[in-house]
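Subject: Structure handover

Hi,

Here is the structure I promised to pass on. Have it open while you read, and I'll walk you through what turned up in it.

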Amino acid sequence: MDTGLLVLRLVAGLLIAGHGVQKISFRLGGNGLAGGTEEFRHDGFRGGRLTALAAGGSQIGAGLFLAAGLLTPAAAMAAMGVMTVAGTVKWHNGLWVQNDGYEYPMVLVVASAVLALTGPGRWSADHALGLTPWPLWVSVVAIVVGPVSGLLTRVLLHRPSVKEGTTQYAQAAD
């Protein structure tokens with residue numbers, strides 16, 4: 001079981017962190033901070049550079065902490081939050097990723113939830129520091145607060161507007 005949790009943590013955590021690196025740099029195929037800022041504007045979010053930095057930084061931090069198995073419930077909660085926002089952006093495209101749907105963000109949200117519930121396993125920073133097992137209530141709070149915070153972020157930062165009978169998203173200034 002510990003080997004499976006290690007593989008899950010490394011793959012999910014590093015993918016989430018890589019997703020964040022793309023938002024704020026030219027690494028891993030990213031378009032730099034300007035590109036990340038434009039992506040958020042295109043998706044209808046206000047906040048410009050600050051939103052891109054917050055999202056990218058959250059993904060990098062949450063992903064690396066998740067991969068290391070460090071403060072796992074908090075890392076999973078942050079990962080679920082940012083990936084829930086990503087899922088809301090793709091929601092209108094349906095589930096499947098070939099249609100630019102929310103399948104990929106959903107898988108990362110579920111993987112993070114599983115790690116919050118199971119714990120990071122023996123080969124983790126949490127275990128080395130004597131922080132495991134986490135109480136069940138901590139895990140439950142993490143899997144509720146993570147997605148709810150993502151949905152609240154969407155509500156607070158997203159600016160929909162209606163033009164010519166279709167939904168278009170207003171571009172936000174910095």
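Arg122, for instance, has a relative accessible area of 45%, so it is partly exposed. Keep in mind that this is a predicted model.

**How confident is the prediction?**

The protein chain has an average pLDDT of 90, and 91% of its residues reach at least 70. Among the elements, α6 has the highest mean pLDDT, 97, while strand β2 (residues 166–169) has the lowest, 44. Residues 162–174 have pLDDT below 50, though in the model this stretch makes 31 contacts beyond near neighbours in sequence. Where pLDDT is low, the predicted coordinates should not be read in detail.

**Salt bridges**

Side chains of opposite charge can pair when their charged atoms come close. How many salt bridges are there here? The count is 3.

Let's start with Arg122, which pairs with Asp2 at 3.3 Å from N to O.

Next come Glu39 and Lys23, whose closest N and O atoms are 3.5 Å apart. Glu39 belongs to helix α2 (residues 32–42) and Lys23 to helix α1, so this pair links parts that are 16 residues apart in sequence. Is Lys23 buried or exposed? Lys23 is buried, at 8% relative accessibility, whereas Glu39 is partly exposed at 35%.

The remaining salt bridge joins Asp100 and Lys90, with 2.6 Å from N to O. Asp100 lies in the loop between α4 (72–90) and α5, and Lys90 is in helix α4, so the pair ties together parts that are 10 residues apart in sequence. Both ends are partly exposed: Asp100 has 41% relative accessibility, and Lys90 has a relative accessible area of 23%.

In soluble globular proteins, nonpolar side chains tend to be buried together. In this model the largest nonpolar core has 19 residues, and Ile16, Leu66, Ala76, Ala79, Met80, Met83 and Leu108 are the ones with the most contacts inside it. Two or more residues come from each of α1, α3 (48–68), α4 and α5. Which of them gives the most? That would be α4, with 7 residues.

If you click on Ile16, look for its contacts with Gln59, Gly63, Leu66, Ala79, Met83, Leu108 and Ser112, leaving out residues up to four places away in sequence. Another core lies apart from this one, with 7 residues that include Phe40, Ala52, Ala55 and Val89.

You'll find Ala52 in helix α3, and it is buried, with a relative accessible area of 0%. Leaving aside neighbours within four places in sequence, its contacts are Lys23, Ile24, Leu33, Gly36, Thr37 and Phe40. Ala52 and Lys23 are 29 residues apart along the chain, yet their C-alpha atoms are separated by 6.5 Å.

Which residues of α2 are buried? They are Gly32, Leu33, Gly36, Thr37, Phe40 and Arg41, and their cover includes α1 and α3. Just after α2, Gly44 has a positive phi of about 90°.

**Helix α7 and the surface**

There is also a nonpolar patch on the surface, formed by Leu117, Leu136, Trp137, Val140, Val141, Val144, Val145, Val148, Leu152, Val155 and Leu156, with about 1100 Å² of accessible area together. Helix α7 (residues 136–157) gives the most to this patch, with 10 residues.

Thr84 is in helix α4, and it is buried, with a relative accessible area of 12%. Not counting residues up to four places away in sequence, Thr84 touches Val109, Pro147, Gly150 and Leu151.

Cheers

Key
Residues are numbered from 1 along each chain as its sequence is written. This is a predicted model: local features need pLDDT of at least 70, side-chain atom pairs count only at pLDDT 80 or more; totals for chains, interfaces and linings use all residues. Side-chain values use heavy atoms; hydrogens and water are left out. A salt bridge is a side-chain nitrogen of Lys or Arg within 4 Å of a carboxyl oxygen of Asp or Glu. Buried means under 20% relative accessible area, exposed over 50%, partly exposed in between (1.4 Å probe, protein chains only). Helices (H or I, at least four residues) and strands (E, at least two) are DSSP runs, numbered from the N terminus. Patches are made of residues with over 30% relative accessible area and no salt bridge: like charges are joined within 9 Å, nonpolar side chains (Val, Leu, Ile, Met, Phe, Trp, Tyr) within 5 Å. Accessible areas come from the Shrake-Rupley method with a 1.4 Å probe; for residues, only the protein chains shown count as cover. pLDDT is the predictor's confidence in each residue, from 0 to 100. Contact means heavy atoms within 4.5 Å. A nonpolar core is a set of buried Ala, Val, Leu, Ile, Met, Phe, Trp, Tyr and Cys residues joined through side-chain atoms within 4.5 Å.
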